[in-house]
Number of protein chains: 2
Amino acid sequence: MDGAQNRFSFAIHATDGPARTGAISTPRGEIRTPAFMPVGTAATVKAMLPGNVRQTGADILLGNTYHLMLRPGAQRIADLGGLHRFMNWNRPILTDSGGFQVMSLADLRKLTEEGVAFRSHVDGSKHMLTPESSMEIQRLLGSDIVMAFDECTPYPATEEVAAESMRLSMRWAKRSKAAFGERPGHALFGIQQGSVFRDLRAESAEKLREIGFDGYAIGGLAVGEGQEAMFFVLDYAPAMLPDDRPRYLMGVGKPSDIVGAVARGVDMFDCVLPSRSGRTAQAFTRRGVVNLRNARHAADPRPLDADCTCPCCTGYSRAYLHHVVKAQEIIASMLLTWHNLHYYQELMSGLREAISRKSLDTFRSRFEADQALGDVEPV
Amino acid sequence: MDGAQNRFSFAIHATDGPARTGAISTPRGEIRTPAFMPVGTAATVKAMLPGNVRQTGADILLGNTYHLMLRPGAQRIADLGGLHRFMNWNRPILTDSGGFQVMSLADLRKLTEEGVAFRSHVDGSKHMLTPESSMEIQRLLGSDIVMAFDECTPYPATEEVAAESMRLSMRWAKRSKAAFGERPGHALFGIQQGSVFRDLRAESAEKLREIGFDGYAIGGLAVGEGQEAMFFVLDYAPAMLPDDRPRYLMGVGKPSDIVGAVARGVDMFDCVLPSRSGRTAQAFTRRGVVNLRNARHAADPRPLDADCTCPCCTGYSRAYLHHVVKAQEIIASMLLTWHNLHYYQELMSGLREAISRKSLDTFRSRFEADQALGDVEPV
C-alpha cells in the first residue's frame, strides 16, 4: 500500500443544510457517510454471519471493548491475529472505549481520577480501565477507529455534576491521545460531553479541538432524555465540532432519531436496536414497527414489507414469521435481524442519496408521512 | 410437466454387496441415494436458512406431522400454499406420520384400534391421529413422500407385545394405503416393524408387500437397542423388503450407524443428531466428535476440521467457536449446525461414490480408522 491508501481520511462529497454525505477512507475499506454501524458486541452481530451483515450494506461494525477484554480477552484476540480475523470481518471496525459499559454492566465499580476499577460481570475477576489501558486494549483488538476513554454523564444531571464529569472526560481525552500515539491508518475519536448544557458542550468541544482528533463523537445522548431534548442539543452541538472531521452520535438510535440527527449534521451512528429488536419479533419497516408476535399475522400470506428486497421479505410470509416467533425458533431471530439491518442500511443509503440531490427535506417529509401511516391490514 | 417427470420412481445405478447407490426421481427434484434428510421439525431446520441447507448438499428435508398439525396447523399451511412454500424449500419433503411423536411427546394419549387420541403438548387441545387423519394432514402439508401411520414398538418388548404392536401397524398400513389413494408424483412408504424378532420382521415385510408401497421404511430401530443389536436386525431386515424400492431407516443416526446401515442395503436416513449437536457445541469430524465447549480449544487458531470446506471451517478458528459457545451466541448454533450438516452430506457423497466404484469396504476401513484416531492436539 502506498501512503495515501494507508491513511485515514474523510471527504465530504455533498451537503444539504447542516447535513453532509461523503466517505471515510481507511486501509480496510471505505465507509460511506452518513453510516450506520451494526453492533457486534462479543465478536458477533447476534444471529448473523458477517458475510450477510456485509450484504445488508454495512461498511463498518462496532465492537465492545468491555465485553471483549473480559471474554475472550484482548491479548487472546491479538494472539489470534486481531478482531477482524477472529470474527471473520475484514472491513473497518470501530471499538468503543469500554467507559460506557463498565459503568452500566460491571460489578463493584469505583471511579477515580485514574480510571475505573471493577469486577467482571462474567466471572467476578478484578480489572481496571484507564485511558491508557483502554488504548492498549483497542490496539490489541486491532480496531480501525479507536474511541477515547470517557465517562458517559448519566441523565439527568445537575449542571455542576455534568461539568465535573465532562472535565474528567476531557482530562482522560488528553491522556487517551498521548497513549494512542501515532498509528498510521488508525484513527482516534474524541467524545464531546456536557449533557444538555450548551455552555458545557461548547467547553468540551473547545478542549477536544485543542487536543486534536481524527473524528469527534457526541456522547451522553440517547440516555433517557427523549428525542426532543436530544434534537435540541443536536441543533447546536455538531456545529461546535470541526467541519472537516466525521461526527459520530453514539448509541443512536430509532430510525426517526437517525433521520433527525443526519439533518442536523451527524455522519455516523451505532445502535443495538435493529439486531436486538430482531430477536424480540419487532421489525422496522417504511410504515413503522411491526410486531410479528401479534396474532393478526397468523394467517397473513403477505411479506413483512412488499417493497423490501431482503431474504426475509422475499422468501417468507408474515404467517411463517409469526409461526417461528411463537415456536421460538432461531430462524425467527436470523430472518428478522437480517431484515432490520437491511432496513437500516437502506435508510442510510436513502439519506446519502437525498443529501447528494439536495432533497433531504423531501426525503424527511416522506419518511415521516410513511411512518405515520402505520402498518396496513391486508385488503 | 410430462408424465415421466411427474412420476415418483427409483433407479439403482450401482451396487456393492448389499449396498446400493441411485436416485429417487420426484416432480420436485432428484434425491441421490444413499440420502441423509435433515430434520425440519417445525418448518425450519433449526438455526439454518433453507438455501444454506441446500448448499450443504441436502436433496430432501423431513417435516414432523405431529408438530406441524399442532402449530401452525395443517389447514393453515395448506391455505398458505403448502409446506414447501411456507418454509421456503422447493425440493422434496418427506413427512413422518406423527405416530412416533404422538407417543413420545403428547399428553394423555390413548391408543385404540382406531388410532391415538391425545392432548397437544403445546396448548392442551384435544386431537386424534388415525391412519386416515394422518394421510389427510400429510396431503394438506403437500408432502412428497408420505409415511404410513404406525406404532413404533417400544424397546425392549416381549415377542408377544412386539407381535401385537406390529400387527396393529400392519392393519393401519392397509388403512393408510386406502386413505392415501392415487396421488401421481407423491409416494407412500410402508413401515416394517417387529422389534428385534426376525420372524416378526419377516411377517411385517410380507404384509407390507401384499399391500404394496412406493418405498419401505425400517421402523422400531434406534430406540435404545444399541448399534450391535441394530446391525443384527439390519443383517436380515433390508433383504426382506423389495429390491427395487427405496429402503429408509427411520431416525438414524450417528455417522457409524449410517455407514454400517448403508453397507447392509439401506438407502435413506433422517436424524436430528447433526442439527441438535450443533446447538450443544458438538461437532462431527472425520476424526470423531469434537466438543467445542472444552477449554483446550480456547487459544487454538486451527479450524475445526482443516479438510472441511464449510463456512465454519473456512472462516473461523476453534478459539472463536469456543468463545461463541461460552458466550451463548446464536452464531455458535448457526456455524456448528452448518458444519455438521455439511459433514453428514459429505459422508453420504463419499458413500455414494464408494459404492459406484465398488470400493465400499475400503471406504469403511478408512472411515473407522479415522474415527478411531480421535481429534488431534495442535503440534
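The crossing of α11(B) and α16(B) is left-handed, a term used when the near helix is turned anticlockwise from the far one by less than a right angle. Helices here are DSSP runs (H or I, at least four residues) and strands likewise (E, at least two), numbered from the N terminus. The axes of α11 (residues 255-263) and α16 (residues 360-373) of chain B come within 11 Å and cross at roughly 165°; axes are lines fitted to C-alpha atoms, for helices over the stretch in contact, and angles run from 0 to 180 degrees between N-to-C directions. α11(B) is therefore roughly antiparallel to α16(B), the term for angles over 145 degrees. B:Ser256, B:Val259 and B:Ala263 of α11(B) meet B:Leu360, B:Arg364, B:Phe367 and B:Gln371 of α16(B), where contact requires C-beta atoms, placed from the backbone, to lie within 7 Å.

The model is predicted: local features need pLDDT of at least 70 and side-chain atom pairs count only at pLDDT 80 or more, while totals for chains, interfaces and linings use all residues. Residues are numbered from 1 along each chain as its sequence is written, and chains are lettered from A and ligands numbered from 1 in the order in which they are written.

Chain A is divided into domain 1 (9-271) and domain 2 (278-373), with bounds from an automatic or database domain assignment. Their centres, taken over C-alpha atoms, are separated by 27 Å. Between them, 27 residues of domain 1 are in contact with 23 residues of domain 2. On the domain 1 side, α11(A) gives the most, with 6 residues.

Between the chains, 32 residues of chain A are in contact with 32 residues of chain B. The largest share of the chain A side, 5 residues, comes from α14(A). A rotation of 180° with 0.0 Å of shift along its axis superposes chain A on chain B (RMSD 0.0 Å), by least squares on the C-alpha atoms of residues with pLDDT of at least 70 in both. That is the relation of a two-fold axis. A:Ile330 has the C-alpha nearest the axis in chain A, at 3.9 Å. Of the contact residues of chain A, 100% recur in chain B.

The table gives residue classes: Ala, Val, Leu, Ile, Met, Phe, Trp, Tyr, Cys and Pro count as nonpolar, Asp, Glu, Lys and Arg as charged, and the others, Gly among them, as polar.

| α11(B) with α16(B) | 4 nonpolar residues | 2 polar residues | 1 charged residue |

Conventions
Contact = placed C-beta atoms within 7 Å. Parallel < 35°, antiparallel > 145°, perpendicular 65-115°, else oblique.
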